[in-house]
Amino acid sequence: MTTPEVRTRAVRLGPRSLAALCLVSAVGVAGFGWPLFADPSSQVAAHAQDAPWLFAGLLVLLVAVVTATISESGLGPKAVAMLGVLAATGAALRPIGAGTAGIEPMFFLMVLSGRVLGPGFGFVLGSVTMFSSALLTGGVGPWLPFQMLAMGWFTMGAGLLPGPDQLRGRGELVLLAAYGFCAAFAYGTVMNLAGWPFMGALASNVAFDPHADVTANLARFLAYCLATSLGWDLGRAVVTVVLTLTLGATLLKALRRATRRAAFETPVTFESR
């Protein structure tokens, strides 16, 4: 009895899970980007009243993505166990360095896990990890589904990088480090969009202006990012790069070994002797 080398991912994006992911992503994009595309005559208060509904709707859609992905791929107990271990590890890593210049080592784990286990597993892992860490740290609130969605995108993106079965060694680490650096800034930027419209109390020209056009609000938003989160995002990006280049080879090897031994989707074949 032999088992061929495992090249498949623990969770695949089938038709139903892909449709659910596209739906929740579209709703998420609208939820993140409405300030830049809303009519200038609209009021922030109107969206604030709808925020609880968007919070509930995104949570329902995120649960639907996770459920569809797991059921459609036939995710077994071994893959569920790995999902739980990685999510718990990521949740435990998140509080490390909290409040200190963006030192967030969980992003490094999400990048490598998404790379090895693929985009489907990556999106589920990112969302579940962020939800678990929110329960651990008491960070549950209207911002949580946005964090879950952004982290799901972040981790899924690592699984979509080229050469998952061919590229190895230093080249792969450099690719993952570059992705982690850029994605760390992207994560911070989209999360800024979730809170920026409600910073109207700021007596400055970086606050969201519901009466301004897209160009003016975009300039305000960029200034807001530079003034409030650039240092934090830079710290997150640098930590992700350093950990990827120093510990990435060891962790990638461990994750691939665990995936091969679990053989999530590999059919067993018999050879005659």
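**Buried charges in an all-helix chain**

Let me start inside. Both R236 and E104 are buried, where buried means under 20% relative accessible area, exposed over 50%, and partly exposed in between, using a 1.4 Å probe and protein chains only. The side chains of R236 and E104 meet in a salt bridge, at 2.8 Å from N to O. A salt bridge here is a side-chain nitrogen of Lys or Arg within 4 Å of a carboxyl oxygen of Asp or Glu. The pair links distant parts of the chain, 132 residues apart: R236 sits in helix 8, and E104 in the loop between helix 3 and helix 4 (106–137).

A word on the source. This is a predicted model, in which local features need pLDDT of at least 70 and side-chain atom pairs count only at pLDDT 80 or more, while totals for chains, interfaces and linings use all residues. Residues are numbered from 1 along each chain as its sequence is written, and side-chain values use heavy atoms, with hydrogens and water left out.

Now the overall fold. The chain has eight helices and zero strands. Both kinds of element are DSSP runs, numbered from the N terminus: helices are H or I with at least four residues, strands are E with at least two. Of the 273 residues, 47% count as buried. Next, contacts, meaning heavy atoms within 4.5 Å. Take those with a separation of 6 or more: 84% of them come from residues 24 or more positions apart.

Back to the charges. How many salt bridges does a search of the whole structure find? Four. One of them joins the side chains of R115 and E172, at 2.9 Å from N to O. R115 lies in helix 4 and E172 in helix 6, so this pair ties together parts 57 residues apart in sequence. Both R115 and E172 are buried. The side chain of E172 also meets that of R256, at 2.5 Å from N to O. R256 lies in helix 8, so this pair with E172 in helix 6 ties together parts 84 residues apart. R256 is buried as well. And salt bridges that share partners join E104, D233 and R236 into one network.

D233 is buried, with a relative accessible area of 5%. Not counting residues up to four places away in sequence, D233 touches A184, F185, G188 and T189.

Stay on helix 8, and look at G248. Is G248 buried or exposed? Buried, at a relative accessible area of 0%. Leaving aside neighbours within four places in sequence, G248 is in contact with F108, L112, L173 and L243. The C-alpha atoms of G248 and L173 are separated by 6.7 Å, though the two are 75 residues apart along the chain.

Finally, the outside. The accessible surface comes to about 12,900 Å², and 70% of it belongs to carbon and sulfur atoms. These areas come from the Shrake-Rupley method with a 1.4 Å probe; for residues, only the protein chains shown count as cover. F181, L234, V238 and V242 form a nonpolar patch, with about 300 Å² of accessible area together. Patch residues have over 30% relative accessible area and no salt bridge; like charges are joined within 9 Å, nonpolar side chains (Val, Leu, Ile, Met, Phe, Trp, Tyr) within 5 Å. Helix 8 gives the most to the nonpolar patch, with three residues. F181 is in helix 6 (residues 170–195), and is partly exposed at 32%.
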